[in-house]
Structures are given as C-alpha cells and as structure tokens.
Amino acid sequence: MKPVEEIVPLFTSLGFTEKEAVESSKNKKLVQDVVTVDEVVKGITLNNTQRGLLKKLLASMTAPARPAISYLVKAVVDERIERDIQVKRKHLHLAPLQKYLALAAIKFCEASPSSIDDQEFDKASGV
C-alpha cells in the first residue's frame with residue numbers, strides 16, 4: 001500500500017478536504033478505490049463536475065459493485081454520467097420504510113460487476 005503522503009493528494013484532487021482525505025486514507029478499501037480511480041484518470045484533465053461525481057462515487061462505493069469501479073470511473077470520464085441526478089437517484093421499494101437514496105450506477109453494477117452491458121447500464125443510470 002502507498003504511504004499516506006501519496007494517498008492524501010489523490011483524495012484532495014477529487015475535492016475531499018484535507019481532513020476528509022486524511023481520514024479516508026485510513027480506510028484500506030477506500031484507498032484501493034482511490035488508487036484505481038487515479039490509475040483510470042491518469043493523464044486526463046477532469047472538470048469540477050467529474051471530480052465531484054468521482055468523489056461521490058468513492059464515498060458511496062459498495063462491496064458488490066467494487067469490481068466494476070473502473071467501469072464506473074470511465075463512465076464519468078467519458079461523460080456518460082455527467083449529472084448528479086444520474087449518480088444519486090431515489091429508489092423506492094415496496095416496503096415504505098425502505099426508501100433510500102443510492103447511487104444508480106453503483107446499484108446497477110452490484111448485480112453483475114464482471115459483465116456490464118453498456119446499453120443496460122446507460123438505461124439504469126439515465127444516460
């Protein structure tokens with residue numbers, strides 16, 4: 001694992017505050033995720049919207065969707081996901097107490113993170 005001095009700037013480059021970045025660097029899974037994001041976006045100039053979406057993606061990543069993180073990052077970089085509403089969607093379930101906000105793209109990838117159909121992904125995330 002990279003030293004904290006190398007990890008914190010990866011988080012801050014995506015809009016995390018210094019304090020958030022230091023705290024996040026203590027979470028091994030989150031560190032793995034931010035390193036993956038950094039590898040995918042290496043050499044790409046991100047705009048503020050993309051940085052914000054990637055920050056939200058990192059903060060909301062789930063274990064079942066983790067294998068698809070590179071795909072999700074590329075969808076942000078390729079501007080297939082370009083609005084907050086595509087990332088954050090209200091999912092209503094049959095039981096009224098199970099209302100919650102979730103990341104539409106992450107929720108989609110949880111179902112089959114190793115084989116993602118672009119058209120189905122686009123449909124699920126509102127592209």
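Leaving aside neighbours within four places in sequence, Ser 24 is in contact (heavy atoms within 4.5 Å) with Phe 11, Phe 16, Leu 30 and Val 31. Ser 24 lies in helix α2, residues 18-24, where helices are DSSP runs of H or I with at least four residues, numbered from the N terminus. With a relative accessible area of 10%, Ser 24 is buried, the term standing for under 20% relative accessible area with a 1.4 Å probe and protein chains only. The model is predicted, so that local features need pLDDT of at least 70 and side-chain atom pairs count only at pLDDT 80 or more, whereas totals for chains, interfaces and linings use all residues. Residues are numbered from 1 along each chain as its sequence is written, and side-chain values use heavy atoms, with hydrogens and water left out.

Helix α4 (residues 48-60) packs against helix α5 (residues 69-77) at an angle of about 160°, the axes being 9 Å apart; axes are lines fitted to C-alpha atoms over the stretch in contact, and angles between N-to-C directions run from 0 to 180 degrees. The two helices α4 and α5 are therefore roughly antiparallel, a label given to angles over 145 degrees. In this contact, Gln 50, Leu 53, Leu 54, Leu 57 and Leu 58 of α4 meet Ile 69, Leu 72, Val 73, Val 76 and Val 77 of α5.

Terms used: Angles under 35 degrees count as roughly parallel, over 145 as roughly antiparallel, 65 to 115 as roughly perpendicular and the rest as oblique. Buried means under 20% relative accessible area, exposed over 50%, partly exposed in between (1.4 Å probe, protein chains only).
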